[in-house]
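Look at the sequence and the model below before reading on.

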Amino acid sequence: MLPDLERLIQLQQLDNATTEAQRTVDAMPSRIKDLDARLAKSRAAVEAAKSGLADKKGERQAVEKSLGEVQARLSRFNEQLMAVKTNKEYTAMQHEIATARTEVQRLEDDILEHMLAGDDLAAEVEAAERALQTERTEVERERAALETERSVLERTLHGTSDERAKLTGSIGAAARRLFESVSSQRSGVAVVEARDGHCSVCNVRLRPQMFNQILQGTELVQCESCMRILYHDPNGGGARSSAPGPSR
Ligand SMILES: [Zn+2]
């Protein structure tokens, strides 16, 4: 194979790896945002559960206050019962007392229901707090993994620029210019594989004579449609599998 073509393939592989690494680094803020959002959601669930519990407690206190009032009324009635003078007054007072007792019973039942509901809500708060703790641990772990990944990628990106400069220096000026020109017009993908008589990126069918030239690999052949430099990999795969998304 033409030495320049071989180096251009290497250069493309290097650029593909760089693009991929850069894309991963660029996507990190959004991944960190997702982690923050997960944590915020768990926190909101705890707040909602706490607020439900507080509401239920407030309702119960209101019922307890009513109960206190009815009980006070009841004991007043019981005192007044001693002081009544007539049968009619006595009957009326008995009626008031019965009504108040029924009310006391109803409010006590109501309080019991509120207490049971309060127990359920307290359990919900505990469950939400446990879930938040789990989520917090998980998010911290993922954040640390992201930071490790980022520093590895940044080191890679840093090292790649030296490697690229060295490689570029070993390529003939005309081949280098062609690469840079196609690369800048084709989103950084200048060298791609020709496979089964087609350009593997834009998929155009190559003329048989052109495909033969590519098979020989003794000169730089460009796709007539996307202008990318084509090569043949006898093992298949190659630059295509690591090429960042096809762009025409
Ligand atoms: Zn093409």
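A nonpolar core is a set of buried Ala, Val, Leu, Ile, Met, Phe, Trp, Tyr and Cys residues joined through side-chain atoms within 4.5 Å. Buried means under 20% relative accessible area, exposed means over 50%, and partly exposed is in between (1.4 Å probe, protein chains only). This is a predicted model, in which local features need pLDDT of at least 70 and side-chain atom pairs count only at pLDDT 80 or more, while totals for chains, interfaces and linings use all residues. Residues are numbered from 1 along each chain as its sequence is written, and side-chain values use heavy atoms, with hydrogens and water left out.

**The largest nonpolar core**

- The largest nonpolar core has 15 residues, and Leu146 and Leu153 touch the most other members.
- Helix H1 (3–26), helix H2 (28–83) and helix H3 (87–169) are the elements that give two or more residues to this core.
- Helices (H or I, at least four residues) and strands (E, at least two) are DSSP runs, numbered from the N terminus.
- H3 supplies the largest share of this core, with seven residues.
- Leu146 is in contact with Met28, Arg31, Ile32 and Leu35, leaving aside its neighbours within four places in sequence; contact means heavy atoms within 4.5 Å.

**His114 in helix H3**

- His114 is placed in helix H3, and it counts as buried because its relative accessibility is 11%.
- The side chains of His114 and Glu59 make a polar contact at 3.1 Å.
- A polar contact is a pair of N or O atoms within 3.5 Å; within protein, one must be able to donate a hydrogen and the other to accept it, and residues adjacent in sequence count only if both atoms are side-chain atoms.
- A polar atom of the His114 side chain also lies 2.9 Å from the backbone oxygen of Asp110.
- Not counting residues up to four places away in sequence, His114 touches Lys56, Glu59, Arg60 and Val63.

**The zinc site**

- Which protein donors does the zinc ion have? They are Cys199 (SG), Cys202 (SG), Cys223 (SG) and Cys226 (SG), lying 2.3 Å from the ion.
- Donors are N, O and S atoms within 2.8 Å of the metal (3.2 Å for Na, K and Ca); water is not among the atoms, so sites may look incomplete.
- The arrangement is tetrahedral because the four donor atoms subtend angles of 100 to 118° around the zinc ion.
- Four donors count as tetrahedral if all angles lie between 85 and 135 degrees.
- For comparison, the ideal angle for four tetrahedral donors at a metal is 109.5 degrees.
- The spacing of the donor residues in sequence is C-x2-C-x20-C-x2-C.
- Distant parts of the chain are linked by Cys199, in strand S2 (residues 198–199), and Cys226, in the loop between strand S3 (221–222) and strand S4 (229–231); the two are 27 residues apart.
- Cys199 is buried, with a relative accessible area of 0%, and Cys226 is buried too, at 2%.

**The four-stranded sheet**

- An open sheet of four strands has the order S2-S1-S4-S3 and mixed pairing; two strands pair if DSSP finds at least two bridges between them.
- S2 and S3 are the edge strands, each pairing on one side only.
- Strand S1 (residues 191–195) is largely enclosed by the rest of the structure, because four of its five residues are buried.
- S1 and S2 run antiparallel and are joined by two bridges, with Ala194 standing opposite Cys199 in S2.
- The hairpin of S1 and S2 has two residues between the strands, and Asp196 there takes a positive phi near 50°.
- S1 pairs with S4 in the parallel sense over three bridges, and Val192 has Leu230 in S4 as its bridge partner.
- S3 and S4 run antiparallel and are joined by two bridges, with Ile229 in S4 as the bridge partner of Gln222.

**Two buried loop residues**

- Ser200 lies in the loop between S2 and helix H5 (208–216), and it counts as buried at 6% relative accessibility.
- The Ser200 side chain reaches the backbone oxygen of Glu193 at 2.6 Å.
- Gly217 lies in the loop between H5 and S3, and it counts as buried at 3% relative accessibility.
- Not counting residues up to four places away in sequence, Gly217 touches Met1, Leu2 and Leu5.

Definitions and conventions:
Four donors count as tetrahedral if all angles lie between 85 and 135 degrees; four count as square planar and six as octahedral if opposite donors are over 155 degrees apart and all others between 65 and 115; anything else is irregular.
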